[in-house]
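Please read them with the structure open.

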Amino acid sequence: VKSSLAFAATLLLSSVSTASAQDIPADLAAFRELYKELVEIDTTLSKGDCTVAANALAARLEAGGIPAENIHVIVPPEFPTQGNIVAILEGSDPTAEPFLMAGHIDVVEADAADWERDPFTLIEENGFFYARGAADDKAMVSILVDTMIRFKQEGFQHRRTLKLAATCGEETSAHFNGMKYLIDHHRDLIDAEFAINENGNGRMNAAGERVMYTIQAGQKIAQNFQLELTGPGGRSSRPQDGNLIYDFSQALVRLSQYQFPADIDVTVRNYFEAAGPVEGGQLGADLLAVLETPVDEAALERVFADRQYGPVISTTCTTTLLEGGHAWNALPQRVAANVNCRIKPGMEIAEVQATLKRVLGDDRISVEPMGETLQGTTSAPPLTPAIFDPIRQVAARVWPGVPVIPALVPGSDDSRLLTPAGIPTYGVSGQFRSADGDGTHALNERIRVEVLYDAREFLHELIKIYSNSGPVFD
Ligand SMILES: [Zn+2]
């Protein structure tokens with residue numbers, strides 16, 4: 001009895017886990033296979049290999065009929081595991097400027113011991129796909145590769161040349177960034193009039209209903225600063241000599257209480273004007289109130305406190321790493337921290353640095369920008385009707401009744417490199433996330449199966465329109 005019950009349970013489990021994979025059309029099943037293969041290739045910086053993933057995508061594209069000479073796996077000599085891929089579908093009109101589809105194949109670290117399921121096995125459960133990269137950004141990359149293959153197989157005619165750039169190092173740019181490498185060394189391969197990239201994710205409510213679709217019309221710039229305080233130290237038996245850890249902590253508390261001034265620029269204004277009526281209630285009213293002159297201070301305070309809208313109205317800085325001391329019985333000689341800032345377009349790095357210095361309020365603490373510095377970046381390219389209208393049209397077909405809103409997002413991605421390089425880039429993933437972010441960059445990353453499949457239809461239709469459009473800028 002026991003064994004037959006166990007057998008029945010096994011049978012039930014296996015039928016549950018495979019049913020949805022079997023009942024889908026052949027083209028969708030092929031997409032699912034491609035997605036599964038990509039997700040299951042570990043592309044973390046520590047243990048993974050983007051070059052393996054780039055080669056796997058190259059094989060898929062070639063099997064899909066894309067000529068081998070139009071598929072470029074680009075591996076920087078100094079970074080053999082940081083491979084990238086560019087693929088090109090030639091358009092019929094040599095006077096039409098190309099269109100670029102961008103995404104990244106590397107993923108954030110994932111320690112299997114902390115996850116409920118193996119992070120590098122695609123698991124479909126309760127209507128979700130679970131895996132590291134299931135959303136960020138292997139969902140979009142799989143869709144873009146699949147779209148190219150479908151266009152080829154459908155014999156779809158397009159005027160513009162379509163380019164795909166799937167790069168490594170988006171999550172670990174301080175080590176190597178594939179998009180920057182392509183801009184610097186293979187500009188001709190990726191050159192385009194405009195581009196779409198990851199992010200621009202819509203929002204779902206707890207019931208899994210689509211609340212709004214936000215495209216990423218602009219983004220903040222990430223910049224790290226190293227804070228350091230050093231001194232002579234001493235014996236911990238004589239705390240009267242002073243303690244750098246306490247001094248440093250008090251400075252960090254001052255920083256934690258500081259709020260950069262609100263900067264309601266045109267992107268924020270467009271975003272809040274559209275989102276206010278959709279949100280409704282106190283929050284909706286507040287979003288509209290902060291656009292008034294003079295600004296409603298109480299409303300502004302509430303918007304600052306909101307995790308969705310607060311981060312976009314000002315530069316923010318927060319401490320992310322801390323180190324200090326050198327012995328259990330000595331007064332510390334050195335305390336240091338990393339402060340991660342998300343800077344509003346138009347604010348200079350030097351201004352943020354000076355503000356940090358002033359707010360920390362201790363002249364002994366040094367504040368230095370770390371890693372690559374992007375001075376004077378403008379990250380909100382014009383959202384012309386030729387770019388925005390097709391998004392609205394296709395959204396109305398795929399998700400009827402869901403408002404489409406151009407948003408400024410607090411995060412940053414490779415669009416911050418493409419736009420200043422002269423390829424205006426918009427975050428249009430066609431995806432939706434739950435309010436909790438669905439584990440992106442965190443534990444148990446997931447995406448709703450339906451969200452992924454609908455995003456595939458959305459992008460396929462949108463790219464069809466873009467690939468035959470006239471110039472999108474005047
Ligand atoms: Zn990403």
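1. A residue is called buried here when its relative accessible area is under 20% and exposed when it is over 50%, with partly exposed in between. His-441, at 46% relative accessibility, is therefore partly exposed. His-441 sits in the loop between β18 (432-434) and β19 (446-448). Its phi is positive, about 65°, although His-441 is not a glycine. Bear in mind throughout that this is a predicted model.

2. Overall build. The protein has 14 helices and 19 strands. Its radius of gyration is 24 Å, close to the 23 Å from the globule rule for 474 residues, so the protein is as compact as a globular protein of that length. The C-alpha trace spans about 75 × 70 × 50 Å along its principal axes. Of the 474 residues, 51% are buried. Taking contacts between residues at least 6 apart in sequence, 78% join residues at least 24 apart.

3. The zinc site. Three protein donors are listed for the zinc ion: His-104 through NE2, Asp-136 through OD and Glu-198 through OE, at 1.9 to 2.1 Å from the ion. Their spacing along the chain reads H-x31-D-x61-E. Asp-136 is in the loop between β5 (128-130) and α4 (138-154), and Glu-198 is in the loop between β7 (194-197) and β8 (202-204), so this pair ties together parts that are 62 residues apart in sequence. With a relative accessible area of 8%, Asp-136 is buried; Glu-198 is buried as well, at 4%.

4. Asp-136 is joined to Asp-137 by a cis peptide bond, with omega about 0°. Asp-137 belongs to the loop between β5 and α4. In the loop between β7 and β8 lies Asn-199, which has a positive phi of about 65° without being a glycine. Asn-199 counts as partly exposed, at 24% relative accessibility.

5. Asn-197. This residue lies in strand β7. At 2% relative accessibility, Asn-197 is buried. Leaving aside residues up to four places away in sequence, its contacts include Ala-102, Gly-103 and Met-140, as well as Asp-413, Asp-414 and Ser-415. Thr-425, Tyr-426, Gly-427, Val-428 and Ser-429 are also touched by Asn-197.

6. Tyr-271. Helix α8 (residues 266-279) holds Tyr-271, which is buried at 3% relative accessibility. Which residues does Tyr-271 touch, not counting those up to four places away in sequence? They are Thr-214, Gln-308, Tyr-309, Val-312, Ile-405, Pro-406, Ala-407 and Leu-408. The C-alpha atoms of Tyr-271 and Ile-405 are separated by 6.4 Å, although the two residues are 134 apart along the chain.

7. Helices α9 and α10. The axes of α9 (residues 281-289) and α10 (residues 297-305) come within 9 Å and cross at roughly 115°. The crossing is left-handed. On the α9 side, Gln-282, Asp-286, Leu-287 and Ala-289 meet Ala-299, Arg-302 and Val-303 of α10. The residues of this contact divide into four nonpolar, one polar and two charged.

8. The link between those helices. Pro-294 is placed in the loop between α9 and α10. A cis peptide bond joins Thr-293 to Pro-294, with omega about -5°.

Conventions. Residues are numbered from 1 along each chain as its sequence is written. This is a predicted model: local features need pLDDT of at least 70, side-chain atom pairs count only at pLDDT 80 or more; totals for chains, interfaces and linings use all residues. Side-chain values use heavy atoms; hydrogens and water are left out. Donors are N, O and S atoms within 2.8 Å of the metal (3.2 Å for Na, K and Ca); water is not among the atoms, so sites may look incomplete. Helices (H or I, at least four residues) and strands (E, at least two) are DSSP runs, numbered from the N terminus. Buried means under 20% relative accessible area, exposed over 50%, partly exposed in between (1.4 Å probe, protein chains only). Axes are lines fitted to C-alpha atoms, for helices over the stretch in contact, and angles run from 0 to 180 degrees between N-to-C directions. A crossing is left-handed if the near helix is turned anticlockwise from the far one by less than a right angle, and right-handed if clockwise. Contact means heavy atoms within 4.5 Å. Ala, Val, Leu, Ile, Met, Phe, Trp, Tyr, Cys and Pro count as nonpolar, Asp, Glu, Lys and Arg as charged, and the others, Gly among them, as polar. The radius of gyration is taken over C-alpha atoms; the globule rule is 2.2 Å times the number of residues to the power 0.38.
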